[in-house]
Amino acid sequence: DKLAVLQTLASTVKRDPTAAHYMFQDDPFLMPRNAANSRLFSLSKESGRNAAKYIIEHFPQYFDKNFAEPNIPCLMPEILTPQIEGLSEEALKERIHLRRVKDSVDLFDQLVQGGTSVSLETTNSLLDLLCFYGDGESTVEKEEEQKEDLEEPEVNASEQKAPKRQFQRGSQSSDSRWRENNNAERIFKIMPERNAHSYCTMIRGMVKHGASAKAYDMYIDLLNERQKADVHTFNALITAVPYLKERFLERWELAKVFLNHMAQQEVQPNLLTFNALLKTLRRCGGVGRSMSLLVIKEMEALDIEPSLATYDHLLSIFCRGVDVCPPGIILEVLDNVEKKSFTPQDPDDGMDFSISDNMYCLNLGEKCCDLKDIKLAYRLNKAMEKGDNWKFLDMDRLNTYWSKFFSLLCMMEQIDVVLKWYKDMYPSLFYPTPKNILDLLQALDAANHLEAIPSVWEDVKQMGFSRRQDVLEELLSLMTREKHPDEIQLAFANCAEDIKAVHEQTGREQAPFEWTGSALGHVALLFSRVGRTQDAWYVNMIERFQQINRIPTDQVMDEFLNCAQQTNSPDEAIKLIKLAASLGLPSSERLKSRTEKEFELSEKQK
């Protein structure tokens with residue numbers, strides 16, 4: 001293995017829990033603060049790489065100087081323009097190799113019209129190209145046409161309509177569907193001779209681009225010609241079964257027909273064959289649940305090791321929801337995966353996320369959260385961290401997985417364990433969502449561990465959630481619900497000062513953040529409990545409550561009266577009564593009677 005030395009060195013380095021993902025460490029200024037930043041920065045970095053590749057591929061003349069010693073050809077720009085001119089089979093092979101679909105078809109037609117015979121091997125290569133792209137254009141050709149369209153000045157922008165996104169039954173988009181009598185079919189019909197490769201290529205292309213019925217007819221023609229299909233063609237046909245039959249039992253019967261044909265033609269099934277069969281059984285209802293375990297047993301009999309897609313299909317077959325998901329199947333899947341380090345073997349193993357929407361650990365993670373089974377979640381996490389299994393999840397899905405796992409920890413674990421996981425996970429593994437912060441605050445409340453709130457608030461500011469109303473309300477509510485020792489109250493007052501500053505921020509890019517009555521009262525309480533009466537009174541009470549037309553609670557009014565009593569300030573108490581009367585509060589009479597009893601008032605004050 002060429003990477004053995006690097007892998008050995010990497011195994012000696014442990015993850016730094018205080019550092020962000022290694023992809024962001026090139027530029028500390030671009031260290032993400034939350035999941036949205038993480039997604040934006042990672043996509044931006046990948047976009048920059050793609051832009052660099054585009055420049056190198058489309059303007060290779062600016063990169064023709066080679067100063068590398070020694071010269072490494074694989075690191076030099078790839079030649080993407082045809083070098084062979086004229087009408088010849090070699091020129092056709094070159095254009096096929098460069099994936100120039102339109103140029104290859106045009107050159108093939110010119111050769112045929114000129115009476116030049118094209119070999120079966122080259123024609124099959126052209127069919128491979130056409131069937132892969134669905135008779136459409138390769139990525140390079142699309143980019144060139146888009147560039148030409150941008151240069152057309154006579155195009156009226158008002159006449160251009162944005163293409164509507166269509167959700168279709170298959171996995172292909174509308175612009176990659178198999179068109180009737182396309183170039184692939186035309187070339188296939190005029191071929192003087194065809195072999196099994198020709199038929200198999202057409203079948204796989206038709207299935208790939210949604211023409212399942214035509215693929216089945218092509219397979220019948222292959223049998224009539226006494227040709228044999230290969231394992232990849234059978235895998236494609238099995239995948240197409242749900243589009244050929246409507247009833248569940250008919251789908252299973254047709255899949256069995258293909259399996260019997262494989263046995264008759266002595267075609268050895270592989271992992272992708274069984275995964276395709278399980279993928280079909282996902283759309284066979286109760287028949288799928290009864291037959292899927294037999295498929296797994298057959299895999300074991302043939303000594304074929306399951307991949308991640310195998311377990312994903314199993315979970316989808318048996319788990320239609322938490323209420324109808326048998327716990328036994330989850331335990332059996334975990335028993336098999338928790339001690340293995342997987343490598344990608346199937347496009348549905350999580351490498352292509354547009355196809356595999358339910359990665360096994362994300363799927364299982366949701367089940368664990370729904371079942372509220374913390375032991376099951378720990379086993380799943382152990383399996384996910386085994387070897388390189390975590391690499392099957394991209395940044396978004398990895399953050400989703402850790403978010404669900406952390407929410408379950410907050411719900412089921414002791415607060416010391418929750419805080420330990422929190423310190424170990426943020427920011428190296430995931431960025432908490434606002435819901436995660438609320439879950440953490442509820443866990444702190446349940447464990448009567450509110451002294452940790454100031455440190456959580458510092459993280460909230462770092463994550464950019466300081467303007468989230470739900471987070472602020474929960475924080476203030478917990479800090480003001482009861483009195484704490486002076487040291488903690490002072491820390492709470494500092495948090496209140498930050499929250500007050502958030503509401504008073506004014507900038508061109510920030511919309512004004514309005515006070516709510518509850519937030520205003522909570523901040524005033526936190527100030528008053530540490531003796532910051534002036535801040536609480538003049539900044540928040542008189543001005544803010546009247547400006548925003550909010551009503552202070554009785555708790556706020558009583559707290560300020562107590563504060564005035566402690567500082568022996570009858571003038572402040574009288575101002576409080578006047579405020580209550582101006583706002584029409586029912587507590588004004590009660591405050592008046594308390595003031596008369598608890599304060600020594602002058603005649604003027606009375």
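Is threonine 122 buried or exposed? Threonine 122 is buried, at a relative accessible area of 2%. The points below concern a predicted model.

1. Overall make-up. The chain holds 28 helices and 0 strands. Of its 606 residues, 43% count as buried. The exposed surface comes to about 34000 Å², and carbon and sulfur atoms supply 52% of that area. Taking contacts between residues at least 6 apart in sequence, 69% join residues at least 24 apart.

2. Threonine 122. This residue belongs to helix H5, which covers residues 120–133. With neighbours within four places in sequence left aside, threonine 122 is in contact with Glu89, Leu92, Lys93 and Ile96. Threonine 122 counts as buried because its relative accessible area of 2% is under the 20% cut-off.

3. Leu3, Val5, Leu6 and Leu9 form a nonpolar patch on the surface, and together they have about 410 Å² of accessible area. Leucine 9 is part of helix H1, residues 4–11. The relative accessible area of leucine 9 is 51%, and the residue is classed as exposed. That value sits against a cut-off of over 50% for exposed residues.

4. Packing of H10 and H12. Helix H10 (residues 231–244) packs with helix H12 (residues 271–281) at an angle of about 5°, and the two axes are 8 Å apart. H10 is therefore roughly parallel to H12. On the H10 side, the residues that meet H12 are Val231, Asn235, Ile238, Thr239, Val241 and Pro242. Their counterparts in H12 are Leu272, Thr273, Ala276, Leu277 and Thr280.

5. Valine 207 and tyrosine 243. Valine 207 is located in helix H8, residues 196–208. Valine 207 is buried, with a relative accessible area of 13%. Between valine 207 and tyrosine 243 there are 9.8 Å in space, C-alpha to C-alpha, and the two are 36 residues apart in sequence.

6. Glutamate 180 and lysine 214. The whole structure contains 21 salt bridges. One of them pairs glutamate 180 with lysine 214, with the closest N and O atoms 3.3 Å apart. Glutamate 180 lies in the loop between helix H6 (139–150) and helix H7 (183–190), while lysine 214 lies in helix H9 (residues 212–224), so the pair ties together parts 34 residues apart in sequence. Glutamate 180 is exposed at 57% relative accessibility, whereas lysine 214 is partly exposed at 24%.

7. Lysine 279 and aspartate 348. These two residues form a salt bridge in which the closest N and O atoms are 3.0 Å apart. The link is between distant parts of the chain, 69 residues apart: lysine 279 is in helix H12, and aspartate 348 is in the loop between helix H15 (327–337) and helix H16 (360–371). Lysine 279 is partly exposed, with 31% relative accessibility. Aspartate 348 counts as buried, with 8% relative accessibility.

8. Arginine 379 and aspartate 335. Here the closest N and O atoms of the salt bridge are 2.5 Å apart. Arginine 379 is in helix H17 (residues 374–384) and aspartate 335 in helix H15, so the pair ties together parts that are 44 residues apart in sequence. Both partners are partly exposed: arginine 379 has a relative accessible area of 23%, and aspartate 335 is at 46%. As for shared partners, salt bridges join Glu180, Glu185 and Lys214 into one network.

9. The cis peptide bond. The bond from tyrosine 426 to proline 427 is cis, with omega near 5°. Proline 427 lies in the loop between helix H19 (415–425) and helix H20 (434–446).

10. Positive phi values. Asparagine 181, a residue other than glycine, has a positive phi near 55°. Asparagine 181 is placed in the loop between H6 and H7. Glutamate 266 is not a glycine either, and its phi is positive at about 60°. Glutamate 266 lies in the loop between helix H11 (248–264) and H12. The relative accessible area of glutamate 266 is 71%, and the residue is exposed.

Technical notes:
Residues are numbered from 1 along each chain as its sequence is written. This is a predicted model: local features need pLDDT of at least 70, side-chain atom pairs count only at pLDDT 80 or more; totals for chains, interfaces and linings use all residues. Side-chain values use heavy atoms; hydrogens and water are left out. Patches are made of residues with over 30% relative accessible area and no salt bridge: like charges are joined within 9 Å, nonpolar side chains (Val, Leu, Ile, Met, Phe, Trp, Tyr) within 5 Å. Accessible areas come from the Shrake-Rupley method with a 1.4 Å probe; for residues, only the protein chains shown count as cover. A salt bridge is a side-chain nitrogen of Lys or Arg within 4 Å of a carboxyl oxygen of Asp or Glu. Helices (H or I, at least four residues) and strands (E, at least two) are DSSP runs, numbered from the N terminus. Buried means under 20% relative accessible area, exposed over 50%, partly exposed in between (1.4 Å probe, protein chains only). Axes are lines fitted to C-alpha atoms, for helices over the stretch in contact, and angles run from 0 to 180 degrees between N-to-C directions. Angles under 35 degrees count as roughly parallel, over 145 as roughly antiparallel, 65 to 115 as roughly perpendicular and the rest as oblique. Contact means heavy atoms within 4.5 Å.
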